[in-house]
Amino acid sequence: MTLSPRLRAVVDALPLRPGLRVLEIGCGPGAAAREVARRVPDGRVLGVDRSPRAIAAARAANDLGTDRLDFRCVAVEDLRLDPDEPGYDLAFAVRVGALDGRHPELAEQALRRLAAVLVPGAPLLVDGGDPLRALPLPPPG
């Protein structure tokens, strides 16, 4: 599956480097997450989405194996790390209502959950910039 021009611009704008642990919020069928995993072969990518249908499609299309790329059905405001799961070095989201202003009632909780699953100083990049913009995270805790 090829990326749409919009998603390609988003992935191209990510500050990817070897060994990164990357979180995609609202991954849908996983096209961007798969491309990120291909670009960071020694890293780890987790795509999360609240839609069971989207996660099923993402898992079905995963040709990279779950050691490099995995998907989890969870809303961003409920996201938690599994026991012994390290934090993520970078998170990105495209058209996620809790992060783009469409569902402001979820924003505070979503940002708190992201602060807890990202390593200190990790960027959260969302659409709405050129093509991305950084969102500040609250201090963890």
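**Close-up views of a predicted model**

**View 1. Asp 12, a partly exposed residue of the predicted model.** Asp 12 counts as partly exposed, because its relative accessibility is 47% and the class lies between the 20% and 50% limits. You will find Asp 12 in helix α1. This view also takes in Pro 131 of the predicted model, whose C-alpha atom is 9.5 Å from that of Asp 12. Along the chain, these two residues are 119 apart.

**View 2. The whole fold, for orientation.** The protein has 5 helices and 6 strands, and their order along the sequence is α-β-α-β-α-β-β-α-α-β-β. Its C-alpha trace spans about 35 × 35 × 30 Å along the principal axes. How does the radius of gyration of the protein compare with that of a compact globule? The protein has 14 Å, which agrees with the value near 14 Å for a compact globule of 141 residues. Take the contacts between residues at least 6 apart in sequence: 65% of them join residues at least 24 apart.

**View 3. The largest nonpolar core.** Here we step inside, to a core of 24 residues. Leu 14, Val 22, Val 36, Val 45, Leu 69, Phe 71 and Phe 92 have the most contacts within this core. At least two core residues come from each of α1 (5-13), α2 (31-39), α3 (52-61), β3 (69-73) and β4 (90-93). Which helix gives the most to this core? That is α2, with 5 residues. As a general background, nonpolar side chains tend to be buried together in soluble globular proteins.

**View 4. The surroundings of Leu 69.** Now for a closer look at one member of the largest nonpolar core, Leu 69. Val 45 is listed with Leu 69 among the residues with the most contacts inside the core.

**View 5. A second, separate core.** A separate nonpolar core holds 22 residues. Ala 91, Leu 99, Ala 110 and Leu 118 are among them.

View 6. Of the 141 residues, 48% count as buried.

Key:
Residues numbered from 1 in each chain as written. Predicted model: local features only at pLDDT ≥ 70, side-chain atom pairs only at ≥ 80, totals over all residues. Heavy atoms only, no water. Helix = DSSP H or I, 4+ residues; strand = E, 2+ residues; numbered from the N terminus. Rg over C-alpha atoms; globule rule 2.2 N^0.38 Å. Buried < 20%, exposed > 50% of the residue type's maximum accessible area, 1.4 Å probe, protein only. Contact = heavy atoms within 4.5 Å. Core = buried A, V, L, I, M, F, W, Y, C linked by side-chain atoms within 4.5 Å.
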